Amino acid sequence: MENFNMSKTTTFYALGLSYKKADASIRGKFSLDAKAQSMLLLQAQAEGIESLIVTSTCNRTEIYGYANHPYELIKLLCDNSKGSVQEFQEVAYIYKNQEAINHMFRVGTGLDSQILGDFEIIGQIKNSFEKSRTLGLVNTFLDRLINAVIQTSKRIKNETEISSGATSVSFAAVQYIIRNVENIGNKKILLFGTGEIGRNTCENLVKHTKNEHITLINRTKSTAEMLAGKLNLIVKDYADLQEELHKADVLIVATGAQNPTIDKAILNLNKPLLILDLSIPKNVNADVQQIPGVTLIHMDYLSQMTDDTLERRKQHIPAAEAIIEDMKLELNTWLNGRKYAPTIHALKAKLIDIVASEMTLHRKKLPNFDEEQAELITSRIIQKITNHFASHLKDENTSVDESIEFIEKVFQIGLQTPQKTTSVIEEKYKITLS
């Protein structure tokens with residue numbers, strides 16, 4: 001398929017890290033909360049980045065955007081997170097142009113999710129898109145691409161069964177509790193953190209355990225109260241956290257804090273407690289495992305739990321991939337039109353210039369020169385020539401980039417000198433990337 005890049009001076013990249021190579025502790029270092037994402041976007045704006053979005057979830061942190069060199073985007077990520085360039089290099093992936101597009105389609109449609117068919121990521125991509133657009137960091141191409149990915153996600157959800165059956169990290173957490181805690185309906189469950197994963201986990205708990213002893217605590221109490229009102233649950237103040245921890249049989253931690261909020265000191269327990277940490281970065285200090293009877297389970301472990309639902313989902317991957325290819329072809333058709341339109345206009349202008357020059361010459365040479373007739377004939381010839389070139393460029397078997405380059409060279413139109421890649425960033429961040 002044709003190269004997707006629309007800029008002659010910069011390249012479109014997708015870069016980041018995910019659960020595939022980066023464990024929870026490394027993902028935690030590169031995790032970007034809402035404030036860090038905003039700071040990254042403002043820095044990108046100040047550094048003259050044309051267009052980009054940044055996403056950071058429990059499973060991945062990624063940047064999609066234009067740059068002269070990927071180091072510019074890596075610098076943005078490292079400047080705004082706790083991760084280093086060296087750590088990034090060890091676990092990261094960098095895709096450009098066509099491969100970057102392919103990656104975004106797979107991520108946005110749940111094919112690259114830690115649990116196949118988990119569509120929560122598309123909502124996060126939409127949010128990232130809106131933040132960048134507000135700052136004027138979304139060019140025409142990125143706008144079209146993200147909308148194509150959103151439409152593809154909708155189609156896959158509606159036309160395949162790849163997301164059938166309730167399977168996500170939050171569902172896996174509840175399944176683990178049901179399988180490992182006897183008489184779960186009568187146990188005291190404390191949910192600390194009511195963000196997206198917390199809300200989903202809470203809804204699954206109510207639905208699948210029939211437990212009426214679920215307590216919610218959130219730093220912003222009103223957020224917990226909204227959720228509790230829907231599900232008829234108890235809400236306690238953040239100041240009551242330690243007291244509620246002593247009462248709980250099961251603790252689910254799903255906060256967005258950048259540092260651990262639960263540790264051995266705050267627990268100070270003399271009874272069994274099952275803790276599920278669904279946070280990135282991890283929000284439960286590993287030292288809690290020194291307390292007899294405390295079991296700590298992290299989301300990476302839960303994500304490895306496979307069942308019949310996931311096996312059934314795998315059967316629908318080919319259908320999902322076919323929809324992706326269909327939507328990429330549609331995007332490609334639009335993009336090629338965007339690419340060659342300026343060349344066709346420039347070609348037409350060049351031919352008009354040639355005609356004008358010839359008309360001036362013949363006007364002087366021929367005493368009875370019929371200017372009106374000549375203009376009519378030449379305009380038809382110009383239109384036929386440009387139509388032939390346009391038809392060639394529209395053909396799906398045409399290499400559009402090569403053809404545009406050839407036309408520009410032959411007719412000496414639209415020739416641009418590529419910008420020299422900056423070496424300052426390469427010098428500062430000495431890394432080798434394949």
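Is D79 buried or exposed, or does it count as partly exposed? At 39% relative accessibility, D79 counts as partly exposed (buried is under 20% relative accessible area, exposed over 50%, partly exposed in between; 1.4 Å probe, protein chains only).

This is a predicted model, where local features need pLDDT of at least 70, side-chain atom pairs count only at pLDDT 80 or more, and totals for chains, interfaces and linings use all residues. Residues are numbered from 1 along each chain as its sequence is written, and side-chain values use heavy atoms, without hydrogens and water.

**View 1. K75 and D79 pair in a salt bridge.** Their closest N and O atoms are 3.1 Å apart (a salt bridge is a side-chain nitrogen of Lys or Arg within 4 Å of a carboxyl oxygen of Asp or Glu). Both lie in helix α3 (residues 70-79), four residues apart (helices are DSSP runs of H or I, at least four residues, numbered from the N terminus). K75 is buried, at 15% relative accessible area.

View 2. E244 is buried at 6% relative accessible area, whereas K247 is partly exposed at 38%.

**View 3. The largest nonpolar core holds 68 residues.** Such a core joins buried Ala, Val, Leu, Ile, Met, Phe, Trp, Tyr and Cys residues through side-chain atoms within 4.5 Å. L145, L216, L276 and L278 touch the most other members. Helix α7 (residues 140-159) gives the most to this core, with eight residues. Apart from it lies another core, of 27 residues, including L32 and F88.

Conventions: Helix = DSSP H or I, 4+ residues; strand = E, 2+ residues; numbered from the N terminus.
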